[in-house]
Amino acid sequence: MFAATRIGLGLCLGLGFTLLAVAPVRADEKLDRFNKVVAASSCLIEANRIVRLSSQVQGTLAEVGVRRGDRVTRGQIVARLDSTVEQAQLEALRLKAETDVYIRSKSVVAETTRASVMRQRELGRRDVASAQQVQKAEMEHEVALAELAQAELDRNLAALDLQRAEGTMNRRVLRAPVDGVVTRVALSPGEFADPQQAAMEIAETSVLRVELFLPLEVYPAIRLGMKARVQPQEPIGGSHPVTVVSRDGTIDSASGLFQVQFHLANEDGRVPGGIRCTIRFDEM
């Protein structure tokens with residue numbers, strides 16, 4: 001009986017070691033089967049978004065500084081409206097806001113009238129100047145102080161007008177809202193720009209959107225944050241790390257597919273949008 005117990009224990013230990021050895025293989029096989037389904041699925045790399053850039057105000061285009069296919073950076077000026085009149089108004093307001101001639105002249109008058117008040121008061125104490133003369137000097141000083149305050153107020157208002165004019169000028173300049181590539185230029189210099197009409201389109205390519213369409217059978221296996229590697233089609237090629245950022249909450253009833261999205265960092269712009277790809281998951 002003791003021998004039988006030893007044999008049974010040996011069988012159990014042997015079976016345990018066998019299971020431990022087989023378990024990782026089964027996990028790998030499961031991942032391989034999963035990746036075979038993924039490899040047979042449709043995968044596309046697209047621009048993260050397409051921005052249709054239009055003028056904020058109406059006007060005639062004076063300059064378009066980019067062409068289709070040009071790379072642009074966020075904030076870069078890509079077009080300008082004709083702003084001859086607005087520029088002249090801006091310079092006039094800048095001159096008015098930055099000059100202090102009027103304030104300095106009123107300051108001199110205020111200081112002069114202040115000295116006159118002091119002198120008239122001193123003469124009044126000596127009975128040389130009448131009370132009316134002292135009162136007149138004080139009134140002239142008050143008027144001078146009010147005019148100085150008005151001059152300072154006018155300069156502050158001019159500074160605000162300058163800011164408003166600069167804002168108006170900025171609205172006549174078109175800037176790229178994203179890092180990307182110009183995919184379409186709809187207007188040329190001399191044409192009329194309108195807020196309702198896109199002057200150009202810019203594809204954001206610093207970050208690309210990877211779309212993978214999978215069958216319902218693997219829906220439970222997809223989780224946010226899952227790590228994978230995407231391989232763009234040749235001749236682009238390469239292998240890039242990505243993670244799952246979204247998964248459809250519904251299944252397309254006609255095809256039985258759902259969409260999974262990834263974000264692909266593409267600061268160097270090496271990978272273009274609009275190409276096919278393959279994906280292999282690193283985990284399940």
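# Reading contacts, burial and folds

User: Leaving aside its neighbours within four places in sequence, which residues is Glu-204 in contact with?

Analyst: Contact means that heavy atoms lie within 4.5 Å. Once the neighbours within four places in sequence are set aside, Glu-204 is in contact with Ala-47, Asn-48, Arg-49, Val-178, Asp-179 and Gly-180. Please note that this is a predicted model, in which local features need pLDDT of at least 70 and side-chain atom pairs count only at pLDDT 80 or more, while totals for chains, interfaces and linings use all residues. Residues are numbered from 1 along each chain as its sequence is written, and side-chain values use heavy atoms, with hydrogens and water left out.

User: Where does Glu-204 lie, and is the residue buried or exposed?

Analyst: Helices (H or I, at least four residues) and strands (E, at least two) are DSSP runs, numbered from the N terminus. Glu-204 belongs to strand β8. For burial, the cut-offs are these: buried means under 20% relative accessible area, exposed over 50%, and partly exposed in between, with a 1.4 Å probe and protein chains only. Because its relative accessible area is 11%, Glu-204 is buried.

User: Is Val-108 buried or exposed?

Analyst: Val-108 also has its place in helix α3, but its relative accessibility is 53%, so Val-108 counts as exposed. Between the C-alpha atoms of Val-108 and Asp-154, which are 46 residues apart along the chain, the separation is 17 Å.

User: Where does Glu-191 lie, given that loops are also part of the chain?

Analyst: Glu-191 sits in the loop between β6 (180-185) and β7 (192-193). With 35% relative accessibility, Glu-191 counts as partly exposed. Not counting residues up to four places away in sequence, Glu-191 touches Gly-59, Thr-60, Leu-61 and Ala-186. Leu-174 is 17 residues from Glu-191 in sequence, and 15 Å from it in space, C-alpha to C-alpha.

User: Which peptide bond is cis?

Analyst: The peptide bond from Glu-234 to Pro-235 is cis, and its omega is near 10°. Pro-235 is found in the loop between β9 (227-232) and β10 (240-247).

User: How many disulfides does a search of the whole structure find?

Analyst: A disulfide is a pair of cysteine sulfur atoms within 2.5 Å. The search of the whole structure finds one. Its partners are Cys-43 and Cys-277, with sulfur atoms 1.9 Å apart. The pair links distant parts of the chain, 234 residues apart: Cys-43 in strand β1 (residues 42-53) and Cys-277 in strand β12 (residues 275-281). Both Cys-43 and Cys-277 are buried.

User: Why is the disulfide of Cys-43 and Cys-277 called left-handed?

Analyst: The torsion about the S-S bond of Cys-43 and Cys-277 is about -75°, so the disulfide is left-handed.

User: What radius of gyration does the protein chain have?

Analyst: The radius of gyration is taken over C-alpha atoms, and the globule rule is 2.2 Å times the number of residues to the power 0.38. The protein chain has 38 Å, whereas a compact globule of 284 residues would have a value near 19 Å. The C-alpha trace spans about 140 × 65 × 35 Å along its principal axes. The protein chain contains four helices and 12 strands, and 32% of its 284 residues count as buried. Among contacts with a separation of 6 or more, 76% come from residues 24 or more positions apart.
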